[in-house]
Amino acid sequence: MAQDLRKLFENEQKMSSGRMPEGHEGRFMERLDNQLPVASKKASFGWLRIAASVVIFIGLGYLAFRTLGPDPVNPNQEIVTATSIEDISPELKKVEDYYLANINLELSKLQYSPENKELFDGYVKRLGELSQEYERLSAELIQSGPNEKTVSALIDNLKFRLNMLYRLKEKLNELNNDISIEENQG
């Protein structure tokens with residue numbers, strides 16, 4: 001059993017030429033095909049898979065629409081209509097109350113005299129016009145439902161009225177100061 005490894009390698013190199021024998025690859029593939037099981041081709045049902053996907057997609061869409069969509073009208077259910085801003089939004093009613101309370105507070109603080117009556121009447125007339133516009137906007141909001149434009153216009157109207165009262169208060173104070181200065185000089 002003791003063979004010289006050098007001689008063994010030399011013999012091996014002489015026998016192998018580095019090339020495979022003719023037809024080796026073909027025989028190898030044939031053997032491989034015999035050894036491995038052949039996968040049988042099933043009938044093509046690709047169109048059936050696509051149809052099933054479409055049916056599932058439509059079913060999920062319908063389910064989402066029924067779940068997330070508008071509620072169906074129940075004939076036994078009463079239809080509730082809004083009659084005031086509070087019915088539409090309690091938060092908007094709080095904002096309205098805040099501004100109206102401040103407007104009324106500022107109006108109660110104003111002191112006018114015959115000298116500033118014309119200025120005071122001009123501001124009060126403009127406040128009356130803004131109040132009428134506010135009532136029209138409120139009616140529109142109640143009739144058509146809440147939308148960003150109408151709610152924004154309502155709040156802007158209240159802010160503008162309050163700012164007008166602040167300006168009127170400043171003007172009346174300036175006018176009273178001017179009158180006091182004239183009386184002290186004369």
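This report walks through the helices, salt bridges and surface of the chain shown above.

The structure is a predicted model, in which local features need pLDDT of at least 70 and side-chain atom pairs count only at pLDDT 80 or more, while totals for chains, interfaces and linings use all residues. Residues are numbered from 1 along each chain as its sequence is written, and side-chain values use heavy atoms, with hydrogens and water left out.

**Overall layout**

Let's start with the fold. The chain has seven helices and zero strands, and its elements run α-α-α-α-α-α-α from the N terminus on. Helices (H or I, at least four residues) and strands (E, at least two) are taken as DSSP runs and numbered from the N terminus. Of the 186 residues in the chain, 16% are buried. Here, buried stands for under 20% relative accessible area, exposed for over 50%, and partly exposed for anything in between (1.4 Å probe, protein chains only).

**How α6 meets α7**

Helix α6 covers residues 117–144 and helix α7 covers residues 148–185. The two pack at an angle of about 170°, and their axes are 10 Å apart. The axes are lines fitted to C-alpha atoms, for helices over the stretch in contact, with angles running from 0 to 180 degrees between N-to-C directions. The pair is therefore roughly antiparallel; that label applies to angles over 145 degrees, whereas under 35 is roughly parallel, 65 to 115 roughly perpendicular and the rest oblique. The contact of α6 with α7 has 17 nonpolar, four polar and six charged residues. In this scheme Ala, Val, Leu, Ile, Met, Phe, Trp, Tyr, Cys and Pro count as nonpolar, Asp, Glu, Lys and Arg as charged, and the others, Gly among them, as polar.

On the α7 side you can find N157, which counts as buried because its relative accessibility is 6%. N157 and L137 are 20 residues apart in sequence, and their C-alpha atoms lie 9.4 Å apart in space.

**Salt bridges**

The structure holds three salt bridges, each defined as a side-chain nitrogen of Lys or Arg within 4 Å of a carboxyl oxygen of Asp or Glu.

| Pair | N to O distance |
|---|---|
| E129 and R126 | 3.3 Å |
| R136 and E133 | 2.6 Å |
| R136 and E140 | 3.3 Å |

E129 and R126 are three residues apart in helix α6, so about one helical turn separates them. E129 is partly exposed, with a relative accessible area of 37%, and R126 is partly exposed at 34%.

Further along α6, R136 and E133 are also three residues apart, or about one helical turn. R136 and E140 lie four residues apart in α6, about one turn of the helix. Salt bridges that share partners join E133, R136 and E140 into one network.

**A nonpolar patch**

Now for a look at the surface. F28, M29, L32 and L36 form a nonpolar patch there, with about 380 Å² of accessible area together. Patches are made of residues with over 30% relative accessible area and no salt bridge, joining like charges within 9 Å and nonpolar side chains (Val, Leu, Ile, Met, Phe, Trp, Tyr) within 5 Å. Accessible areas come from the Shrake-Rupley method with a 1.4 Å probe, and for residues only the protein chains shown count as cover. M29 lies in helix α2, which covers residues 24–35, and M29 counts as partly exposed because its relative accessibility is 41%.
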